[in-house]
Amino acid sequence: MTKRRGYALLAGIVAMVVVVSAAIYVGVAADERGGQSNLAGPRSPRGTAAPASTGIWVGAWSASPAGAEPGTGTNGMAGRSVRNIIHTSASGTSARITLSNLYGRQRLAITHATIAVAATANSAAAAAGTMTRLTFGGNTSVVIPPGQQVLSDAVTVRIPSDSDVLVTTFSPTRSGPVTFHPHARQISYAAEGDLSGEVSGVSYTEETRYWRYLTAVDVLSDESVGTIVALGDSLTDGGTATVGANHRYPDYLSERLRAAADDGAPRYSVVNQGMGGNQLLTSRSGSPAENPSALSRFGRDVLGRPNVKAVVIDLGINDLLRNPNKVNARTITAGLRTLVRQAHAHQLVVIGATLMPFQRSGGYSDPREAVRQAINAEIRAGKVFDAVVDFDEALQDPYDPRRLRPDYDSGDHLHPSDKGYKRMAEVFDLGSLTQSVTATT
């Protein structure tokens with residue numbers, strides 16, 4: 001062998017060593033970033049690192065933490081996987097979630113969390129290729145102190161609008177009580193063991209009508225340019241809407257906006273911060289208070305959402321029903337104006353709803369009806385909000401305006417039927433969502 005040929009052979013061997021070493025390094029680095037070996041299930045999630053992307057962060061879904069789930073005071077969901085099913089109002093190329101331990105009295109340890117697009121509506125199974133591991137500050141586990149919440153890192157996963165998404169968490173240790181949203185109108189699931197990465201969903205046999213821990217899903221949207229927040233009580237939360245059908249009024253409003261986008265409607269997502277039983281002025285007992293008043297939660301549930309452009313407020317009925325001797329038209333409109341001032345300080349447009357009829361419901365009385373009418377007169381006169389959506393006029397019985405029209409009535413004479421919720425969305429002036437901040441406050 002000549003000296004020149006020997007040098008060439010040596011150079012070739014060195015080059016091969018470099019290539020093999022680089023391949024080993026890439027494989028190890030990929031596993032360190034959240035590879036596929038540690039999640040249970042027949043198919044593991046893909047990696048989580050989100051490359052730089054263009055778009056705007058908007059809320060795709062949210063639910064207000066409302067209290068501590070009964071029966072979870074000691075163990076929480078220790079040793080179990082919680083698979084929340086949520087429905088999106090915006091699409092995106094990346095996603096992030098918010099988990100809450102607001103009502104917990106112990107540290108909440110989450111060792112695995114995933115996000116995936118559901119294979120079909122209302123299904124615990126994930127669509128092929130979408131199961132994605134979530135991280136928190138680059139780690140696959142996170143500990144949330146009592147009374148706190150945490151925002152995950154952004155992960156690259158394509159989230160469609162108007163679709164069901166699965167967000168799964170696993171906690172190995174006792175960490176009660178569970179922070180939850182009790183009136184989800186959606187079936188979610190739980191399973192024994194760490195099955196956060198299970199794609200088939202076959203192990204998720206326990207059904208629940210609660211959302212647990214999860215309070216928000218945001219997306220980096222290439223479609224929406226802002227978020228609308230619907231703030232209210234059970235009328236916004238969809239307390240009587242068909243379970244699993246996404247027939248709350250904010251769902252219908254989101255559908256309207258998507259359908260009218262090509263005709264000039266604002267390209268906004270809609271998130272629902274309704275809370276059953278919520279009052280404008282008064283919180284329930286507890287520390288932190290369960291079912292906190294709208295005044296106390298406005299900063300978290302409205303101003304804390306990403307790229308909020310407008311807020312729709314429908315509040316006051318529960319104040320009339322639960323505290324009739326402590327409230328009147330003046331105190332309620334004063335509370336509403338306080339919310340408007342907070343919104344205006346952040347340049348948000350505020351659309352206010354008139355209070356809907358409730359005659360024949362258990363809490364009806366003529367004095368309460370007189371207060372409702374006085375509040376609505378003030379709202380219609382333009383003395384409270386930037387713009388008005390007249391739910392009262394839209395849903396009242398034309399033969400007796402003190403009660404809901406029969407086909408808009410769920411049967412309890414207070415909450416709308418699915419048809420009633422749809423009508424609420426239909427009467428929105430979509431142009432009001434982008435108007436100037438003009439209300440006298």
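Biologist: Between which strands does the loop with Pro-177 lie?

Modeller: This is a predicted model, in which local features need pLDDT of at least 70, side-chain atom pairs count only at pLDDT 80 or more, and totals for chains, interfaces and linings use all residues. Residues are numbered from 1 along each chain as its sequence is written, and side-chain values use heavy atoms, with hydrogens and water left out. Strands (E, at least two residues) and helices (H or I, at least four) are DSSP runs numbered from the N terminus. The loop with Pro-177 lies between strand S11 (164-171) and strand S12 (179-181).

Biologist: Is the peptide bond that joins Gly-176 and Pro-177 cis or trans?

Modeller: Omega of that bond is about -10 degrees.

Modeller: Pro-288 is in the loop between strand S18 (268-274) and helix H4 (294-303). The peptide bond from Ser-287 to Pro-288 is cis, and its omega is near 5 degrees.

Biologist: Asn-291 is found in the loop between S18 and H4 as well. Is Asn-291 buried or exposed?

Modeller: Phi of Asn-291 is near 45 degrees, a positive value in a residue other than glycine. Buried means under 20% relative accessible area, exposed over 50%, and partly exposed in between (1.4 Å probe, protein chains only). Because its relative accessibility is 5%, Asn-291 counts as buried.

Biologist: What is the relative accessible area of Arg-360?

Modeller: Arg-360 lies in the loop between strand S20 (349-353) and helix H7 (366-380). Its phi is positive too, near 80 degrees, and Arg-360 is not glycine. Arg-360 is partly exposed, at a relative accessible area of 45%.

Biologist: Which residues are in contact with Ser-254, leaving aside neighbours within four places in sequence?

Modeller: Ser-254 lies in helix H3 (residues 249-259), and it counts as buried because its relative accessibility is 4%. Contact means heavy atoms within 4.5 Å. With those neighbours left aside, the contacts of Ser-254 are Ser-89 and Val-270.

Biologist: How far apart in space are Ser-254 and Ala-425?

Modeller: In sequence, 171 residues separate Ser-254 and Ala-425. From C-alpha to C-alpha, the distance is 8.6 Å.

Biologist: Which residues touch the most other members of the largest nonpolar core?

Modeller: A nonpolar core is a set of buried Ala, Val, Leu, Ile, Met, Phe, Trp, Tyr and Cys residues joined through side-chain atoms within 4.5 Å. The largest one has 34 residues. Those that touch the most other members are Ile-97, Leu-99, Ile-115, Ile-159, Leu-214 and Val-217.
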